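Open the structure in your viewer and keep the selection tool at hand. Each stop below says what to select and what is there.

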Amino acid sequence: MEITSFSSSFPSQEDFNSLNFFQELDFLSPSSDHHHHQSMSKKIKINDFDHNPVEEILNKFLGVENETHPESKSVENHTLFDYKNQKFDFDHGVVSGTKRVRENANENEDGLVEVISGSGSGSGYSQQPLQQRRLWVKNRSNAWWEQCNRPDFPEEEFKKAFHMGKATFDFICSEIESVVTKKDTMLRMAIPVRQRVAVCIWRLATGEPLREVSRRFGLGISTCHKLVLEVCTAIRGVLMAKFIQWPDELKMEEIKHEFEILSGIENVGGSMYTTHVPIIAPKESVASYFNKRHTERNQKTSYSVTVQGVVDPKGIFTDVCIGWPGSMTDDQVLEKSILYERANRGNLNGTYIVGSSGFPLTDWILVPFTHQNVTWTQHAFNEKVNDVQRVAKEAFMRLKARWSCLKKRTEVKLQDLPVVLGACCTLHNICEIRGEELRQELRFDLVDDEMIPEVVVRSMNAMKVRDQIAHKLLHHNHSGTSFL
């Protein structure tokens, strides 16, 4: 049975503002007394039958206010109004036409949906017996989540499931509670905040498909997908600006001091790295997301998006650039970042960012020597640069290890992916700041193929500064090396 959709325009604001629209509706009611039928009309208010906005609109358009509507017909003790071969039964709320039938469902005392459907053509009209429509809901069990949510659930088991402790989980819930809380409705109870957050974090942590998330939490697949995006949006909108910040002057001095202890290089304000997140082949701009290097190495067609990040000595992100296509090289992604714009405006104030060989040498980026036959001094410099670079690479390893969804081809739509990636980076910082240790079995070797830029050196002054730093490291005994 098809559902009729009326093509008539919606009532204008003047119609709604009219007092007559909300006053009594007069219409003919059949009677055995013909004289009584002609001389007296039956007045019935809207409240005398089930109040339904659809009926209100139909009453207005079908001319119910007019007692002498020329198209009205009395059939089987029901008042009908014929509007272009579509009949409306005011006693049963049924619209019927020659080709389509619209059903109006009313809820009975038992909560079941009663449906009366009519059919007819021309002047004929037939009433079908009363039918009951039941709404079937699949019975799902959320026993697993109820067990995890118990106060006596072991801390270690909770960490295995969500890759964070209970205290950190509670902290996240409290921070975004006002944004993700929903109100109960007459139809159903709202999903609690803790369960909403748990669905998102478990999905990000395990990378399991949505059908498994549905099974674990006793929710529909589409509901789980919606919750993941809602919570990620809340994390990105509420927490990202709070936990991913470029350091102020005082904090920057602490970072520089720690990096100098690590490498002996002065004025290093961050370690930079770019990783790729695999995705399913997009419907548009496929070539832009094709990752040639991963495809050649894995012998399997690969598509990806990039995540560029700068971290401090503790592996906490201070800047991220998310979502550029995987066909772009590291230096091309860099040029699209806000960090690049900030540096070109001179806002780094003599601070160096250490990058891999995939980045160019500039006045504010230090990269290793990449030419053949490097000298002892240059090799020693490269080792110190690698020590700093390793901090960023290990941070990205922990990011992908803690949020395993970043290692698998994601089911998230391309337009929603930056929200999920931003939420993962934010959650990474929260876990790192709160001292959440990454379990040893989650660690892995992160491999991202680096491609040397076509123009390695972007500044001749940068070459001189790098040579001076390399000689200073050698002369101050900071150049411990395994070079033979």
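The tour goes from a pair of helices to aromatic rings and then to charges over rings.

The model is predicted, so local features need pLDDT of at least 70 and side-chain atom pairs pLDDT 80 or more, while totals for chains, interfaces and linings use all residues. Residues are numbered from 1 along each chain as its sequence is written, and side-chain values use heavy atoms, without hydrogens and water.

Select helix α7 (residues 193–206) and helix α8 (residues 210–217); they pack at an angle of about 145 degrees, with their axes 11 Å apart. Helices here are DSSP runs (H or I, at least four residues), numbered from the N terminus. Axes are lines fitted to C-alpha atoms over the stretch in contact, and angles run from 0 to 180 degrees between N-to-C directions. Contact means heavy atoms within 4.5 Å. On the α7 side, the contact includes Trp 202 and Arg 203, and on the α8 side Arg 216 and Phe 217.

Next, select Phe 158 and Phe 162, both in helix α5 (residues 155–162) and four residues apart. Their rings form a tilted pair, 4.7 Å centre to centre with 35 degrees between the planes. Rings pair if their centres lie within 6.5 Å; planes under 30 degrees apart count as stacked, over 60 as edge-to-face and the rest as tilted.

Go on to Trp 202 and Phe 217, an edge-to-face pair at 6.2 Å and 70 degrees. Trp 202 is in α7 and Phe 217 in α8, 15 residues apart.

Finally, select Arg 216 and Trp 144: the charged end of Arg 216 sits over the ring, 4.9 Å from its centre. This term requires CZ of Arg, or NZ of Lys, within 6 Å of the ring centre and within 35 degrees of the ring normal.

Technical notes: Helix = DSSP H or I, 4+ residues; strand = E, 2+ residues; numbered from the N terminus. Phe/Tyr/Trp six-rings, centres within 6.5 Å; stacked < 30°, edge-to-face > 60°.
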